[in-house]
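Work through the exercises below with the model in view. Try each task before reading its solution.

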Amino acid sequence: MYFNSPEGCHSYKLVVAGEKDFRATDMRNRLLLIGLAVAFWFCIKVVDYLLPGPAILVLLCALIAVMVTHSLWLFTAQSRWIRNRRRRLPDAGRRFISMDAERWQPSVDIFVAAKNESRVIETCVRNLFKLDYPKFLVWIIDDCSTDATPEILEALKKEYPRLRVIRRSPGGRPGKSAALNEALPLSKGEVIAVFDADAYVAPNFLRTVLPVLAAEGVGAVQVQKRIYEYQKGFLVNCQASEYALDTYFQMGRDLIGGAVELRGNGQLIKRTALIDVGGWNNKAITDDLDLTMRLLINDWDIRFCPLAYVWEEGVTTLGALMRQRKRWAEGSIRRYLDYIFPLNSPGRLSLVERLDTMAFTTYFVVPALIFLEVFSEAFNAISGRPTNCSFFCVVTTAIIIISQLNFFIAMRLYRKRMPAWRAFLHTFEVNAYVFAHWMPCVFASLSQIMFKRQASTWHRTEHVGQPAPQLVERSS
């Protein structure tokens with residue numbers, strides 16, 4: 001597929017892999033993961049031979065040291081930035097925005113992939129056309145909807161001349177990536193903004209985010225994600241705290257010059273950067289994380305903007321949550337397998353980005369190790385062999401404490417309406433919630449990659465829809 005540059009003077013090729021390429025990649029990832037598992041088993045044997053104590057617990061202790069170091073690194077950078085803001089000192093380093101960046105006003109194409117989104121699409125479109133910005137178009141990619149979405153969009157087209165609707169043909173490649181790629185050759189904006197169909201933003205959204213994207217070498221910007229405040233319930237409350245932790249980590253990674261990640265909803269990408277990496281990856285089940293990797297290995301910087309928010313619905317049922325998080329976990333693991341060699345090639349990433357990325361992989365390794373150790377301890381107890389329950393409890397407690405401290409700090413910074421005592425108590429709830437669903441999701445994703453013939457199928461997150469919320473923007 002070919003598409004033109006904004007100036008219309010060049011043609012670029014969008015590389016879209018076929019089914020044979022998908023199967024070859026799945027097999028490669030399976031073999032790579034099995035190879036890593038064998039190497040891990042060999043590492044355990046070496047640790048067993050050289051050091052006293054159970055190997056998995058020794059490795060967990062090493063990962064705890066990595067988690068503590070990384071957490072302190074992010075906290076120190078962020079606390080320094082907050083102090084400078086309170087003292088009204090000028091921003092430094094990556095947070096600095098020049099006057100030229102403030103005046104930069106590129107043309108923007110807003111992409112929204114929609115499949116059976118009749119409950120939310122009208123609110124989303126009307127909200128986007130409230131943006132206080134002179135040069136933008138809204139593109140809705142109707143991905144073969146079978147509900148009232150086409151009729152709603154047809155009526156909205158008569159009301160908004162700058163609304164463009166693309167109807168995908170049945171039988172095409174499913175998924176958000178394929179839908180976005182279909183709109184890319186038809187658009188000409190210098191910046192592509194991507195939102196989900198349940199997104200809601202403030203009128204000053206683009207004016208707040210675009211100056212962060214303006215700097216040379218910056219390819220994309222991710223904004224802060226928040227759960228709608230009108231949603232209530234245990235699951236929604238825990239997800240809001242997860243998003244606060246994500247903001248805390250993303251902000252810290254941005255300040256240290258680490259590898260900020262895109263989150264799908266509320267991301268802005270320069271067209272030149274998107275063309276350079278070949279558009280979105282049709283085989284990726286997490287389009288945002290895959291695009292993050294390809295931008296990083298092609299020397300494009302990704303920034304985080306905490307002063308702009310995109311509001312979205314939280315998942316309200318356990319089944320929907322598990323499907324969503326399993327997809328996230330599998331997509332996260334697959335993107336590391338897909339790009340493991342470019343990520344570790346000399347000159348691809350800066351030293352800080354490399355260290356930051358390596359530290360973040362521990363959040364996928366730790367749940368797998370804990371699961372293996374639980375299985376090992378249970379097997380030893382049943383077979384009458386000596387167990388290491390006390391050591392295991394100490395290690396697990398240390399991991400939980402680190403997680404609770406990170407959650408507490410994140411909630412105090414990014415859920416400011418929550419009192420300190422409530423935030424402290426809530427850390428126990430949200431930790432139980434995270435470990436209860438994240439460990440089985442990681443284990444299921446590893447099993448999917450190693451033993452299933454292909455990747456999981458992409459499934460949209462069901463949206464409920466509510467009247468347009470009254471949002472009050474607050475400075476972070």
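## Exercise 1: A residue in helix 11

Asp-338 is placed in helix 11. This is a predicted model.

**Task.** Decide whether Asp-338 is buried or exposed, and find which residues Asp-338 is in contact with beyond its neighbours within four places in sequence.

**Solution.** 
- Step 1. Take the relative accessible area of Asp-338, which is 15%.
- Step 2. Apply the cut-off: buried means under 20%. Asp-338 is therefore buried.
- Step 3. Set aside the neighbours within four places in sequence. Asp-338 is then in contact with Thr-25, Arg-28, Asn-29, Lys-283 and Asp-290.
- Step 4. Turn to the helix around it. Helix 11 covers residues 318-338. Of its 21 residues, 15 are buried, so helix 11 is mostly covered.
- Step 5. Check its span. From first C-alpha to last, helix 11 reaches 30 Å. That is close to the 30 Å expected at 1.5 Å a residue.

## Exercise 2: Helix 4 against helix 5

**Task.** Which residues of helix 4 and helix 5 make the contact, and how do the helices lie to each other?

**Solution.** 
- Step 1. Find the pair: helix 4 is residues 121-128 and helix 5 is residues 149-159.
- Step 2. Read the geometry. They pack at about 25 degrees, with axes 10 Å apart.
- Step 3. Angles under 35 degrees count as roughly parallel. Helix 4 is therefore roughly parallel to helix 5.
- Step 4. List the contact. Helix 4 gives Ile-121, Glu-122, Val-125 and Arg-126. Helix 5 gives Thr-149, Ile-152, Leu-153, Leu-156 and Glu-159.
- Step 5. Sort these residues: 5 are nonpolar, 1 is polar and 3 are charged.

## Exercise 3: Helix 15 against helix 16

**Task.** Describe how helix 15 and helix 16 are arranged, then say how the residues of their contact divide.

**Solution.** 
- Step 1. Find the pair: helix 15 is residues 389-414 and helix 16 is residues 420-451.
- Step 2. Read the geometry. The angle is about 130 degrees and the axes are 9 Å apart.
- Step 3. The two helices are therefore oblique to each other.
- Step 4. Their crossing is right-handed.
- Step 5. Pick out contact residues. Helix 15 contributes Ile-399, Phe-407 and Met-411, among others. From helix 16 come residues including Ala-420, Phe-424 and Val-434.
- Step 6. Sort the contact residues: 12 nonpolar, 5 polar and 1 charged.

## Exercise 4: The whole chain

**Task.** How many helices and strands are in the protein chain, and what share of its residues count as buried?

**Solution.** 
- Step 1. The protein chain has 16 helices and 9 strands.
- Step 2. Of its 476 residues, 53% count as buried.

Technical notes
Residues numbered from 1 in each chain as written. Predicted model: local features only at pLDDT ≥ 70, side-chain atom pairs only at ≥ 80, totals over all residues. Heavy atoms only, no water. Axes fitted to C-alpha atoms, helices over the stretch in contact; angles between N-to-C directions. Helix = DSSP H or I, 4+ residues; strand = E, 2+ residues; numbered from the N terminus. Parallel < 35°, antiparallel > 145°, perpendicular 65-115°, else oblique. Contact = heavy atoms within 4.5 Å. Nonpolar A, V, L, I, M, F, W, Y, C, P; charged D, E, K, R; others polar. Expected span 1.5 Å × (residues − 1). Buried < 20%, exposed > 50% of the residue type's maximum accessible area, 1.4 Å probe, protein only. Left-handed = near helix turned anticlockwise from the far one by under 90°.
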